[in-house]
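Here's a quick walk through some helix packing and pockets. Have the viewer open while you read.

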Amino acid sequence: MGAGNHTFISEFILMGLFSSSRISLVFFFFIVIIFIVTTTENTVIILLLCRHSRLHTPMYFLLRYLSLMDILHSSNIVPKIITDFLSGSRIITCCGFQIFLSLTLLDGECFLLISMSYDHYVAICHPLQYLIVMNDDVSLLMARMCWLVGTVNSIVHTAYALHFPLCGSRAIDHFFCEVPAILKLSCVNTTNYEQGVYVSSIIFLLTLFSLIFASYVQILLTIFQMKSPEAQKKSFSTCSVHMIVIIMYYGPFIFTYMRPKSYHLPGEDKIVSVFYTILTSMLNPMIYSLQNKDVMGALKKVPCKFSLYSKK
């Protein structure tokens, strides 16, 4: 194909998550409910953690950032899915911005999860040193590093993925703009870039996941040394649930970004992407916050405060 046929396109067409079948309507309402639950519970968590001074600790500070990232990530993708389904218009003009924000939040959350696992490690394995190691300055530095790492990595990959000339169809067989889906539209050889993504994924994703896994192994070893069977059971249950959510997030993310373009199947990519773009944003507050006795205690006090205000 000649160079004259290579074009740089600002508008794309998202093929979407749903087909025109009746079963798609059920999945659509399911996605809407997930989005409402996600935004509601994460907003409640943020307001709760900001309002109660008792929850102004490094652990809850990181949880607050996790909820903020989950709201932004869900809002970056799901409203477009909903409006496309209702209006029938699948055109997206801000594909580059969606890729940038999505990668910023995905990469930032990867770094945030390792920060939270380190916080858990210090709290359980070195409780006497916790206030020294995990002070306010350290937790603030961790939060800033999440945004910095996510933003820098996102700028590099967004700019590089969008600089490839595109030929022919501008239809993306996906429900949001994602780097692997964009690469499929390119009419030039992207092998070198894909190899770069593969190497950076090994360095970034696998390294972070390995560090998280190592921290939870140390936590479990400490738990098994506890004398109280009840404390062992509770701590083991909490760590197990945390690891399941982390695997649900990292697993599909690694699966998507560590495969060559030729191995990506549209239907498969959509299903895999749902896990780390939609489901984990809903599950995170349920696992990390709503199972926490301090958070639930603060949440139970809210109706009491409303009743006192109403009496006044």
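Start with helix 2 and helix 3, whose axes come within 10 Å and cross at roughly 155°. Angles over 145 degrees count as roughly antiparallel, so helix 2 and helix 3 are roughly antiparallel to each other. The crossing of helix 2 past helix 3 is left-handed. Sort the residues of that contact by class and you get 15 nonpolar, seven polar and four charged. Bear in mind that all of this comes from a predicted model.

Helix 2 (residues 58-87) also packs against helix 5 (residues 136-162), with axes that come within 9 Å and cross at roughly 20°. That angle is under 35 degrees, so helix 2 and helix 5 are roughly parallel to each other. Here helix 2 goes past its partner, helix 5, in a right-handed crossing. On the helix 2 side, the contact uses Pro58, Phe61, Leu62, Tyr65, Leu68, Met69 and Leu72. Facing them from helix 5 are Asp136, Ser139, Leu140, Met142, Ala143, Cys146 and Trp147. By class, the contact of helix 2 with helix 5 has 12 nonpolar residues, one polar and one charged.

| Pocket | Volume | Lining by class | Top contributor |
|---|---|---|---|
| Largest pocket | About 840 Å³ | 17 nonpolar, eight polar, three charged residues | Helix 8, eight residues |
| Second largest pocket | About 230 Å³ | 10 nonpolar, one polar, one charged residues | Helix 9, six residues |

Which residues lie nearest the centre of the largest pocket? They are Met59, His120, Ile124, Thr238 and Asn292, out of 28 lining residues. Several elements give two or more residues to this lining, namely helix 2, helix 3 (95-125), helix 4 (130-133), helix 7 (191-224), helix 8 (229-257), helix 9 (266-289) and helix 10 (293-311). Helix 8 gives the most to the lining of the largest pocket.

The second largest pocket is lined by Leu17, Phe18, Phe27, Phe30, Ile31, Ile34, Gly267, Lys270, Ile271, Val274, Ile278 and Leu279.

Notes. Residues numbered from 1 in each chain as written. Predicted model: local features only at pLDDT ≥ 70, side-chain atom pairs only at ≥ 80, totals over all residues. Heavy atoms only, no water. Axes fitted to C-alpha atoms, helices over the stretch in contact; angles between N-to-C directions. Helix = DSSP H or I, 4+ residues; strand = E, 2+ residues; numbered from the N terminus. Parallel < 35°, antiparallel > 145°, perpendicular 65-115°, else oblique. Left-handed = near helix turned anticlockwise from the far one by under 90°. Contact = heavy atoms within 4.5 Å. Nonpolar A, V, L, I, M, F, W, Y, C, P; charged D, E, K, R; others polar. 1 Å grid on protein atoms, 1.4 Å probe; cavity = no way out; pocket = protein on both sides within 12 Å on 5 of 7 lines; lining within 4 Å. Points joined across faces, edges and corners; volume = space filled by probe spheres on them.
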